[in-house]
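The sequence and the model come next.

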2 protein chains.
Amino acid sequence: MISEKALRELKKIYGKRLKTDAVHKIAYSYDATRIEYEPDAVVFPINETEIIKTVKLANTYKFPIIPRGSGTGFSGGAIPIKGGIVISFSRMSRLEILKEEMLAIVEPGVITAELQRRAEKIGLFYPPDPASLKNSTIGGNIAENAGGPRCLKYGVTKNYVLGLDVVLPTGEKISVGKGLQKNVAGYDLISLFVGCEGTLGIVTKAYLKLIPKPEIARSIRADFTSVRDASEAATDILSSGILPAALEFMDRKSIEAASTYTGEKVSAGASLIIQIDGSEETVKHEIERVKKVLQRHNLKGIKISMNDEQEEEVWQLRRSISPAIATLKPIKVNEDVVVPRSKIPDAVDFVYAIAEKFKIEVIVFGHMGDGNIHVNFMIEENERERAEQAVGELFKWVVAHGGAISGEHGIGITKSEFINLQLKKEEIVIMRKIKSLLDPNNIMNPGKIFQE
Amino acid sequence: MISEKALRELKKIYGKRLKTDAVHKIAYSYDATRIEYEPDAVVFPINETEIIKTVKLANTYKFPIIPRGSGTGFSGGAIPIKGGIVISFSRMSRLEILKEEMLAIVEPGVITAELQRRAEKIGLFYPPDPASLKNSTIGGNIAENAGGPRCLKYGVTKNYVLGLDVVLPTGEKISVGKGLQKNVAGYDLISLFVGCEGTLGIVTKAYLKLIPKPEIARSIRADFTSVRDASEAATDILSSGILPAALEFMDRKSIEAASTYTGEKVSAGASLIIQIDGSEETVKHEIERVKKVLQRHNLKGIKISMNDEQEEEVWQLRRSISPAIATLKPIKVNEDVVVPRSKIPDAVDFVYAIAEKFKIEVIVFGHMGDGNIHVNFMIEENERERAEQAVGELFKWVVAHGGAISGEHGIGITKSEFINLQLKKEEIVIMRKIKSLLDPNNIMNPGKIFQE
């Protein structure tokens, strides 16, 4: 519980932008996991100076600070599990694009889709595309090292961060990377802050690399009888020297749910969505090549986009999975494990087997190209324990097969009990030492990633 | 000076693979900077276990360890300035490619070109292409976060490292990244080790991302009257939505030297080499687009490759710069500063002005696309002091204009006196704290990057 004195000091900084009323406390108590812990207060800084002051106060009065974007995270990263002050970045959303430098300079509150829209307007492109991009912020994307379908070809958020202004947990301001395309002067601290889930510092500005916008994107939805056929086709595409912008995968139940939801009648054991982008000539040529490869793999059906409108149609099923499955059961336990690409069929078989064992419904889809599959256990409230056991077995299998328990959602609080499964003792020791070094008073988003 | 006792212990590990003779000491005393400091001994480990034992001995007997690839570095990173044991990786060069996973698993002693050759043989591609790639090792590339012309489109070494096995300076073994395309479980320590110049640990195995090999690559050499024209043309190409594989630049003196060396008669104030890669259709189409853009910029001459043989010819001048200028003067003081792309013409003007001021010859070329220019002060032995003053002024200008003092060569010992110019006190403090945390006895490549 934060002291009255600390609150008075915060009031001096923020005035009316300090909120301690019940409505704000509730509104900032949860994220997409729907787990709830109320903060003591919410603040809305408008500049870095206010953030530095807040961090210094947090060290003096020992209260937690939880930076928060739009709260779309799936691992509880933005939930104030130990109370404290939520820093909302909704008032820090300046965005500048330097066209000549192909660089965006953004504050953490900028919405991902807004950055993409602004970049594309002038022929540039910001590839990372988490599913929540219409709501998620760049600050949140950086905190979680967000991915998305296009990350197969273009890489994840960290690959676009050329610099960060960071307020350290002890209040010093540093700039890492300097926004340059190349920079090897000193240690590269960028990736330490990208994906740290707000535990090592507060990003106040990011320098993001933009690339030329591909002329067009066209996609194929290919339907198969089995996951194995789909997986073999995916590997064959990549082995043929084609790097699609996206190579997505849906299992039978995803297809059923999305088919019911959209009214588009499709029945298959698995589908792939293969998106090719680039110049018109390349795309036309590569779509033909992909078609040829697909025909070697027991193809059941195929749908190809020839223009932007059809592009939406080909993606319709894939994009409808989330809203479609949301109606199936009250609770979705959503995991985003990663396995080596060639192990996807085995992983999916294993998921079906544990769903059978624990008698719970499961829906699998995701990013086949980079081995990142989304496993959704769909449950009633009274099935939670069985779902947790199923998740435990899934994580064990994944780690035993050279995979990772999270590819893009982060560890947060929902997976922290499994971090010891993923990382060796020596690895956790070194990470915790870095945390203690940077944040001796443990004020930055405490209780996340590691078990306390 | 290492103790006799420590040497006896090393002898137990390495037997005949411990070398203390004069020939070995001299051979491992220098790198491409030609600065010389002899080690106390050189060892040739064949596995990780030997490395762990060596690191533990180093902590017990407090001797420095200097990991070394091929010694092609330009900043003295592999030079044993405080004596100690050089670890040569020439006996650790196993290389395995998992085609289905598009992954290379390599030991640090693998030669960069060998990895590329093996990958390309099966339709895959490892893009980073430092000029020394025929000799340089992957271990060295990782230590310095090596770049090269193709890094404009494809990114630098760190963008291809999906995992590292590292022996920490205290002897523990950790694995970071796990070789997966995506992994957000815990802090991302990959980039901390990539570019750490061997000061934070010893990489014993790297998991490198491969991509499909582009079908073909074709290039244009475009000659201009002035650097400004060339720079404007380069920006115009990128603004037109074309991302070349490489966008290289040569100034008048580079062209003169290479022209004399090769016998190819070219006279221009500046040249660009623009390489486009991809499918045949794309390349054909984009080469036409680049031609159109170039014609808007006072083009003096143009040379285009239509096949692989001509491709070599178009690159001939650019590739000949290094051997060509090596004959001009006994000493080359070679810096690889980075500036925001739009500031390249001003940077080159400034370089010419300081060369004039200090009456020394200068040759400028480099990677225009990512703002990374190579400034070569060509001097006699008695001009060294003036060259150092010129370098000092160059670095000050670069930092004042938002740039970096090194884009791909690293800081090592040649630029460590300027690290305070590049980084703020708070930034250096945090980097040094990380160094002390990981390497409390300062045994790993001491005296590099930071001033002691």
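## Contacts of Thr235(B)

Leaving aside residues up to four places away in sequence, Thr235(B) touches Glu100(A) and Arg341(B), where contact means heavy atoms within 4.5 Å. Thr235(B) is part of helix H8 (residues 227–239) of chain B; helices (H or I, at least four residues) and strands (E, at least two) are DSSP runs, numbered from the N terminus. With a relative accessibility of 10%, Thr235(B) counts as buried (buried is under 20% relative accessible area, exposed over 50%, partly exposed in between, with a 1.4 Å probe and protein chains only).

## Basis of the values

This is a predicted model, in which local features need pLDDT of at least 70 and side-chain atom pairs pLDDT 80 or more, while totals for chains, interfaces and linings use all residues. Residues are numbered from 1 along each chain as its sequence is written, chains are lettered from A and ligands numbered from 1 in the order written, and side-chain values use heavy atoms, without hydrogens and water.

## Aromatic pairs

Over all chains, the search finds 12 aromatic pairs. Rings of Phe, Tyr and Trp (its six-membered ring) pair if their centres lie within 6.5 Å; planes under 30 degrees apart are stacked, over 60 edge-to-face, and the rest tilted.

Tyr126(B) and Tyr160(B) form an edge-to-face pair, 6.0 Å centre to centre with 75° between the planes. The two residues are 34 residues apart, and both are buried.

Phe350(B) and Trp397(B) are stacked, because their ring centres are 5.3 Å apart and their planes at 20°. Phe350(B) lies in helix H12 (residues 344–357) of chain B and Trp397(B) in helix H13 (residues 384–400) of chain B, so the pair ties together parts 47 residues apart in sequence. Trp397(B) counts as buried at 13% relative accessibility.
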